[in-house]
Amino acid sequence: MDAQATGELLRFFQGLRDPRARNRSHSLADVLGIAIMAVLCGCEGWAAVEAWGLLNADWLRTFLDLRHGIPSHDTFDRVFGLLDPLAFEKCFTDWTAALVKNAKGLFIAVDGKTLRRSWKRAWSKTPVHLVSAFVTRNQLVLGQLATDCKSNEITAIPKLLAMLSIAGCTVTIDAMGCQREIAGQILRQEGHYLLAVKDNQPTLFAAVKTLLDEGILEGFKTMRHGCFEWRQDKNSHGRVETRRVWVTDEVNWLGEELLGLWPGLKSIVVVESVRQDLGDLTGKISTERRYYICSHGGADNQLARLLAEGIRGHWGVENGLHWCLDVGMREDDSRIRMANGAENFSRLRRIALNKLKRCELKNKNGKDLKAGIRLKQQCCGWSREFLLRAVLA
């Protein structure tokens, strides 16, 4: 059972090239296997990974080689610092692709996150910035890629998308990724896009905003449209919020020149959020509108509801991924900085996060217990049975 669990996970990393010289003492499979299981158990650095390996050495020898014992923390640091992050990511995306079945119709949220303490030189303070692809419905990280230190997310998003299978999916990206080249690439990969539009595309933003604001003012009487509305009466923020989504496919009003620049643009979307603060005696109401372009055609209520799910789900990457990494796994406190170490250790965290999200903690009656990522990591450390369940999840 132990060997089966580890073999099932490591088989996707068999093609990963070992960056060390031939006279290495520890196999890459041993290094990877120990590191993944140690992070599942809550280890946050290489010294902790080594200590976990030493305390579990007898058990690990039952299914790993370990002919030279447990690697030192310096060995883990050196191996993951030298490991090609693109090759590691390719293995990671192959693994996640096997986890996601019938992906057609899913929304894939693409968003960035900075590893705050990963800067390599004190005087430069240039930390690693990662772009992740996250399936909100499945709570699954599909892939991640670091941006170039002299660039931003715009250069990393196309590379990340190229490594993913997005056919039949809808990719949602915030205003930073609202680029003609990115929209065209998504279409070439047989996907759809839903891109936020802001002032970084001034001409497009002005045209979309003007058209949709006029449509709302006139009640969309002269435009084909779909509408969906949902209301939150009570929440932890102490306010009542109503959101309305309108979509129209009458994009010809944007003008032929503008439409010619944006491939596959078939509809435009506006989300209006009306908030009332329950703690404000004056009953102050605030209204905010956000605008989007989309490659989905049509203008009915069903499409409006679908796009509302995608827009609302996009921000699930903050709670379902970034919050879990920062609070549950304390990613922002990590000081791993050697070469590619910070990026590759972050990939270990995402492997662990995918596994732990799919592994439920149950009570003696077989009912699911409400447990966060931190508690599940502790359970992996307390119980080898739960650890193996997580590896096989």
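This text walks through a predicted model of one protein chain, from its overall build to two single residues. Residues are numbered from 1 along the chain as its sequence is written. Because the model is predicted, local features need pLDDT of at least 70 and side-chain atom pairs count only at pLDDT 80 or more, while totals for chains, interfaces and linings use all residues; side-chain values use heavy atoms, with hydrogens and water left out.

Confidence comes first. The mean pLDDT of the chain is 85, and 91% of the residues score at least 70; pLDDT is the predictor's confidence in each residue, from 0 to 100. Where pLDDT is low, the predicted coordinates should not be read in detail.

The chain holds 15 helices and nine strands. These are DSSP runs numbered from the N terminus, helices being H or I with at least four residues and strands E with at least two. A compact globule of 393 residues would have a radius of gyration near 21 Å, and the 24 Å of the chain agrees with this. That radius is taken over C-alpha atoms, and the globule rule is 2.2 Å times the number of residues to the power 0.38. The C-alpha trace spans about 75 × 50 × 45 Å along its principal axes.

Of the 393 residues, 53% are buried, where buried means under 20% relative accessible area, exposed over 50% and partly exposed in between (1.4 Å probe, protein chains only). Of the contacts between residues at least 6 apart in sequence, 64% join residues at least 24 apart, a contact being heavy atoms within 4.5 Å.

Cys294 belongs to strand S9 (residues 285-294). Cys294 counts as buried because its relative accessibility is 0%. Neighbours within four places in sequence aside, Cys294 is in contact with several residues, including Tyr193, Leu194, Lys266 and Leu307. Cys294 and Lys266 are 28 residues apart along the chain, with 6.2 Å between their C-alpha atoms.

Gly313 sits in helix H11 (residues 301-314). With a relative accessible area of 14%, Gly313 is also buried. Between the C-alpha atoms of Gly313 and Asp333 there are 27 Å, at a sequence separation of 20 residues.
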